[in-house]
Amino acid sequence: MNFDFSDEQKSLKSEARRFLDANCPTDRVRRVLDDPAVTHDEALWKAVAAQGWLGAAIPEQFGGLGLGHLELCAIAEELGRAVAPIPFASTVYMLAEGLMLAGDDTQKSDLLPKIAAGEVIGALATSEGPGPVSAATLQATVAGGRLNGVKLPVTDGDIAHVAIVLALEDGKPGLFLADLGHASVAREALKTLDPTRDAARLTFKDSPVGRLGAPGAGLDLLAQLLDRAAVLLAFEQCGGADRCLEMAKAYALERYAFGRVIGSYQAIKHKLADIYVKNELARSNAYYGAWALNTDAPELPVAASAARISASEAFWFASKENIQTHGGIGFTWEMDCHLYYRRSRQLSLVAGAPRLWKERLVSHLERRNAA
Amino acid sequence: MDFNDAPEEAAYRAQVREWLAAYAPKRAGSQADDSLAASRAWQAKKAAAGYAAITWPKAWGGQGGNPIQQVIFSAEEARHPIPPNPFQIGLGMCVPTVMTFADDATKLRFAGPAIRGEEIWCQLFSEPAGGSDVAGARTKAVRADDGSGDWLVTGQKVWTTGAQFADFGIVICRTNPDAPKHKGLTMFWIDMRAPGVEVKPIHQMSGGSGFNEVFFTEVRVADSQRLGAVDDGWKVSLVTLMNERLAVGGSVGAGWTQFLEAAKSTPGLDGAPAIEDQALRERLADWYVQAEGLKHTRNRTMTALSRGQTPGPESSIGKVVSAIQMQELGAAAIEMLDQFGIIDDPALAPLKAGFHFSLMFGPGMRIAGGTDEILKNIIAERVLGLPGDIRLDKETAFKDLPTGR
């Protein structure tokens with residue numbers, strides 16, 4: 001039994017932190033936040049591609065580094081910590097993972113090398129309106145290889161080249177690959193809760209698409225894809241939550257009230273201890289998820305659900321209590337607290353809200369305990 | 001990262017499984033009087049096979065093994081209906097303290113009988129005037145005036161687990177009331193059968209009596225029973241308390257599995273099974289996630305231990321999470337029963353009234369072995385490095401401190 005990252009993985013992680021400290025300080029994040037015309041940090045995106053991170057878990061035969069998912073988890077944690085304003089999750093956790101899960105050789109050979117090189121940005125287009133994605137509400141259709149329908153919000157849909165789209169074909173949900181550069185696709189950028197992460201409304205009119213995976217297997221494949229994404233997102237959430245705790249602690253040690261640092265009051269100490277406890281539980285659940293993802297273990301659906309629920313709760317709690325610890329200054333635009341508050345919500349919604357994952361988890365537990 | 005056994009761990013597990021299959025009790029010891037006998041018998045069997053103190057050095061009767069082996073054994077042992085373990089406080093806290101501070105003859109005298117379950121130890125720290133504030137102990141030890149060098153111990157301890165059947169204890173006493181509170185304490189080991197020791201069970205709010213009050217009236221203690229220097233007992237107690245938080249961390253009572261099973265067989269709104277209630281499902285998911293998070297946090301701690309690192313105060317998180325979950329889960333399960341939840345009869349209530357036990361014992365778990373609040377202080381101060389509270393009792397002579405009632 002070994003419940004830790006290897007020395008090589010840890011050194012990759014510290015290297016990633018140094019790189020992001022230099023290339024993604026929060027004033028760089030704010031350039032994307034403050035200017036609605038800026039969709040993402042293009043320079044950072046290119047630099048990240050040059051580091052090889054986009055292809056960390058992509059096999060060498062498809063142009064990646066072929067390292068594995070533990071390495072990708074280590075990178076994800078640092079990206080979350082830095083609130084990196086780049087389409088990493090959409091491209092790597094959604095598109096690349098979707099291709100590796102369900103793509104045929106042509107699709108993989110065509111797209112994975114371009115993803116690894118930073119030439120293709122991806123997106124996952126499942127939602128069509130308020131409420132969780134379900135077969136009952138799905139409207140987009142594919143017939144004769146042509147897609148019709150509206151998807152919103154699609155994270156990074158305004159800048160992505162290729163999207164995985166959930167749509168009905170012969171009345172059954174399937175996954176499809178759509179070229180978003182095609183003239184038949186209309187995109188409209190949306191105002192988002194976390195402006196450092198863009199989203200769009202995509203309207204497809206007889207847009208050409210290719211099947212991803214077996215016909216009619218869309219919901220099953222989507223569940224498998226989201227299990228993989230959930231673990232990686234959990235690491236981003238852990239990174240963000242830990243950064244919030246550091247910020248809160250640093251402020252609690254420098255801010256004086258009533259003649260002493262506020263970090264010496266139990267009201268603040270217990271608040272920070274509560275954050276620490278949630279962060280550690282989230283990290284432990286994420287580690288188990290990482291193991292399950294990396295080894296493709298049958299426990300993955302349960303492990304991924306636990307990681308997502310735990311990390312969503314930890315990041316939410318840490319980000320809101322970080323603002324509270326800062327007091328009035330924490331409520332200003334100039335303080336970085338709200339970058340994490342916004343990102344905590346973005347990450348907890350982007351692959352389905354925790355409520356959905358709690359339901360999935362309990363359904364799995366019921367089946368497992370009945371067996 | 002690998003959650004499977006390494007080859008040598010797998011071999012150890014196989015060896016443990018084989019031994020347990022041959023020797024473990026086939027049926028649980030009941031909660032009646034004979035449970036102590038059953039516990040002693042099981043402990044003796046484990047000791048003979050080397051499993052009673054896996055991580056202790058062989059010289060002291062242990063197996064010279066590592067913490068991972070202890071984890072493997074405990075996990076495998078828990079799959080069998082084993083009797084309660086009244087030796088944990090001795091082997092986990094008291095005897096290691098004795099081993100750290102006593103001479104070789106004393107160590108040799110106590111290690112074997114403790115491992116074999118022949119002698120049971122208790123920890124005499126908490127007092128009516130101070131549970132969280134252990135350094136506020138008022139039980140006094142004064143030198144006998146007969147020139148023997150012996151000490152006479154007088155005072156009262158409280159919440160002493162197992163004192164009713166303990167043979168020995170370690171006791172922290174006030175030896176210098178003129179010094180500040182942390183600088184006037186001395187630790188001794190004490191014979192619980194000595195004249196002047198009186199044990200009275202505490203009737204807990206949960207109905208049981210697992211804890212005791214212990215009264216000392218001029219109990220004579222030889223100076224050779226002293227652990228550490230005179231007035232240096234606070235340092236000695238820190239060794240014990242560090243071990244306590246590791247020992248008390250495990251979860252007690254019903255967990256998410258029992259809740260899930262109960263929710264399947266209990267009718268919910270409109271008669272459909274309660275498990276179909278979305279609100280209950282969400283709570284169940286939260287409890288599962290907490291329990292799994294704790295399990296894997298322990299696994300991370302074990303990984304650090306197996307690499308020779310010392311477990312830090314971060315292990316305090318276990319009880320902060322599990323104790324409140326015990327209380328909340330018990331209350332929610334009972335609420336699920338609706339009016340039927342009023343019934344606390346093991347013959348009628350689910351799980352032989354196990355959820356009622358969680359409800360009523362949960363408050364004690366949140367206090368025993370460091371209250372939620374003390375544990376959060378420990379996390380804030382020793383893990384996060386936040387400053388200690390402003391203290392009014394650090395420099396003042398103990399006898400001059402305000403005491404309240």
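Colleague: How many residues of chain B are in contact with chain A, and what makes a pair count as a contact?

Modeller: Two residues are in contact if their C-beta atoms, placed from the backbone, lie within 7 Å, and by that criterion 38 residues of chain B are in contact with 39 residues of chain A. α8(B) gives the most to the side of chain B that touches chain A, with 15 residues, and that side divides into 20 nonpolar, 8 polar and 10 charged residues. Here Ala, Val, Leu, Ile, Met, Phe, Trp, Tyr, Cys and Pro count as nonpolar, Asp, Glu, Lys and Arg as charged, and the others, Gly among them, as polar. This is a predicted model, in which local features need pLDDT of at least 70 and side-chain atom pairs count only at pLDDT 80 or more, while totals for chains, interfaces and linings use all residues. Residues are numbered from 1 along each chain as its sequence is written, with chains lettered from A and ligands numbered from 1 in the order in which they are written.

Colleague: Why are α7(A) and α10(A) called roughly antiparallel?

Modeller: Helix α7 (residues 218–254) of chain A and helix α10 (residues 337–350) of chain A pack at an angle of about 155°, with their axes 10 Å apart. Angles over 145 degrees count as roughly antiparallel (under 35 as roughly parallel, 65 to 115 as roughly perpendicular, the rest as oblique), and α7(A) and α10(A) are therefore roughly antiparallel to each other. Their contact includes Leu233(A) and Met247(A) in α7(A), and Tyr340(A) and Leu347(A) in α10(A); by class, the contact has 6 nonpolar, 3 polar and 3 charged residues.

Colleague: What is the handedness of the crossing of α9(A) and α11(A)?

Modeller: The crossing of α9(A) and α11(A) is left-handed, a term for a near helix turned anticlockwise from the far one by less than a right angle (right-handed if clockwise). The axes of these two helices come within 9 Å and cross at roughly 145°.

Colleague: What makes a set of residues a nonpolar core, and how many residues has the largest?

Modeller: Such a core is a set of buried Ala, Val, Leu, Ile, Met, Phe, Trp, Tyr and Cys residues joined through C-beta atoms within 7 Å, where buried requires 20 or more other C-beta atoms within 10 Å of the residue's own (exposed, 12 or fewer; partly exposed, in between). The largest has 162 residues, and Ala163(A), Val165(A) and Leu272(A) have the most contacts inside it; its largest share, 19 residues, comes from α7(A).

Conventions. Axes fitted to C-alpha atoms, helices over the stretch in contact; angles between N-to-C directions. Helix = DSSP H or I, 4+ residues; strand = E, 2+ residues; numbered from the N terminus.
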